[in-house]
Amino acid sequence: SSKYQATGVHSHDDGVMHWHPFTAAASGRNAKLSVFLDNYDITLTDTKLTFPEGQESGKVYEEGKTKCKDADGKEVDGVLKTFVWPDSSNADDFRVLAANLDSVRITENGMAIVVAFVPEDVNSIPLPPTAAQLPTLGAADSGQGAPTDTSATTIPGETIVAGETTVAGQTT
């Protein structure tokens, strides 16, 4: 896709964002979660997460409309939050964003990010399962220079970020 060609940001459907900035569009201050989401036509605002028809069956998670299950299995209103671990090897060091959800800056190799639709009182979730596999999954990419299509992979030294589309409860 042209978006991928311009950014070098992609996934291998392995739960990991592979970040290989080819241009300023995905590097420095522009290295944000929103770049990845835009490449896959996923829309994330502070109150709504929308997948395109070809992904997650076009599911929409919207505060005030979509329900999720609490710890007791009861249907409750859900809210969107972004959980960010600067270093996925440290499960205790994370922050939770309830605003500007797509503005998380990609600053470190091995970060973990989860966009979750959870009950409002949930302020902690486990690391995504892919976090422990980042070294192996990151090695999926090798080669030199920008790929010519989205099935090709990229340059060594990329930033790899664990990110899941589902976690306990209805998290995304």
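This is a predicted model: local features need pLDDT of at least 70, side-chain atom pairs count only at pLDDT 80 or more; totals for chains, interfaces and linings use all residues.

Analyst: Residues are numbered from 1 along each chain as its sequence is written, and side-chain values use heavy atoms, with hydrogens and water left out.

User: In what order do the strands of the open sheet lie?

Analyst: Strands of a sheet pair through backbone hydrogen bonds, either parallel or antiparallel. A strand is a DSSP run (E, at least two residues), numbered from the N terminus, and two strands pair if DSSP finds at least two bridges between them. Here the order is E3-E4-E5, with antiparallel pairing. Strands E3 (43-44) and E5 (60-62) are the edges, each pairing on one side only. Two bridges join E3 to E4 (residues 48-50); leucine 44 has leucine 49 in E4 as its bridge partner.

User: Is strand E9 largely enclosed or open?

Analyst: Buried means under 20% relative accessible area, exposed over 50%, partly exposed in between (1.4 Å probe, protein chains only). In E9 (residues 111-119), nine of the nine residues are buried, so the strand is largely enclosed by the rest of the structure. E9 pairs with E7 in the antiparallel sense over eight bridges, and proline 119 in E9 is the bridge partner of glycine 78.

User: Where is aspartate 93 found?

Analyst: Aspartate 93 is in the loop between strand E7 (75-85) and strand E8 (95-97). Its relative accessibility is 38%, so aspartate 93 counts as partly exposed.

Key: Helices (H or I, at least four residues) and strands (E, at least two) are DSSP runs, numbered from the N terminus.
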